[in-house]
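Please look over the sequence and the structure below before reading the briefing that follows.

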Amino acid sequence: MSVDHAAATGTTVRVAKLGAHIGAQITGVRLGGDLDPATVATIRAALNEHKVIFFRDQHHLTEDGQYEFAELLGTPTSPHPTVTSAGAKSLAIDSRHGRSNSWHTDVTFVDRVPRASILRAVTLPSYGGSTTWASTVAAYNSLPEPLKRLAESLRARHNNQYDYAATAEDRPDEGSTEYRREFESTYFEAEHPVVEVHPETGERALLLGGFVQRIVGLPGTESHALFRLFQDRVTRLEHTTRWDWSLGDVAMWDNRATQHYAVDDYDGREHRKLTRITLAGDIPVGVDGTPSTVIAGNAESYATGTLRRAA
């Protein structure tokens, strides 16, 4: 199914749905900082509805253009709370620094969970290297009512020692070791509701992923069991969409309503690099109205928001 929208330039912007729960491809748009308000509104609405949206053939786009496009949709953060060596505007998602082959929502170890991210393909392997996204809204909606109520009552601790992008390998190389050292150079920990209320759509979503350390108030065995119960709902295939990258592709996802996984199905001789620009988000709020809290670290230099510290 596709929906057409007229842009101020006279072109037709088409939003083509890719799956029942998540994913759409948008055509008729040349990304950059000069988009008209109607096109920006169409993109924003598509993101809220489909959670992740894709654009092909954006070969003209540079890092500056990617950043200017991001500014039309929100306030860009610094590239990362701890990885500061990669540049001032974007974070390099580079296979030479490790591979993000686990399910995660970006940067949940701070209280200001990012709103959205924009990812641009720069260098791609000759095979493999696709990315899969999952709808955490669809995951919540699929729960039986007793499990919804249970999830809504829980909170989880997230920290940056659970590093999706540089998971320890049998034989880590110098590049991945150095990246991991920088990633963990400042310790961050935050406590979030397991179910957050989306600040724009009002939808409820599971806030979990690879940075979760434990469910608050439970011993390790029970914490892990509950985490797996809810996390496995997120990654059911019917809640996902998979994108096979080509040069010129751009993906944008709602970080408050998704998790993603970069598929590590290309060997070490192949190089994969994409640039990510992230938009600042609000502090998550649970169904009961209780916001996330800081346990350790101060992310004010990373993103905007009001700092709340646990008692």
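In helix 4, the residues L147, L150 and A151 meet L226, L229 and F230 of helix 6, where contact means heavy atoms within 4.5 Å. By class, this contact of helix 4 with helix 6 has six nonpolar, no polar and no charged residues. This is a predicted model, in which local features need pLDDT of at least 70 and side-chain atom pairs count only at pLDDT 80 or more, while totals for chains, interfaces and linings use all residues. Residues are numbered from 1 along each chain as its sequence is written, and side-chain values use heavy atoms, with hydrogens and water left out.

**Helix packing**

- Helix 4 (residues 145-152) and helix 6 (residues 220-234) pack at an angle of about 120°, and their axes are 12 Å apart.
- That angle makes helix 4 oblique to helix 6, because angles under 35 degrees count as roughly parallel, over 145 as roughly antiparallel, 65 to 115 as roughly perpendicular and the rest as oblique.

**Residues with positive phi**

- Most residues other than glycine have a negative phi.
- K51, in the loop between helix 1 (37-50) and strand 4 (52-55), is a residue other than glycine with a positive phi, near 75°.
- K51 has 3% relative accessibility and therefore counts as buried (under 20% relative accessible area, with exposed over 50% and partly exposed in between, using a 1.4 Å probe and protein chains only).
- V107, in the loop between strand 5 (91-94) and strand 6 (116-123), also has a positive phi, near 55°.
- V107 counts as buried because its relative accessibility is 2%.

Definitions and conventions. Axes are lines fitted to C-alpha atoms, for helices over the stretch in contact, and angles run from 0 to 180 degrees between N-to-C directions. Helices (H or I, at least four residues) and strands (E, at least two) are DSSP runs, numbered from the N terminus. Ala, Val, Leu, Ile, Met, Phe, Trp, Tyr, Cys and Pro count as nonpolar, Asp, Glu, Lys and Arg as charged, and the others, Gly among them, as polar.
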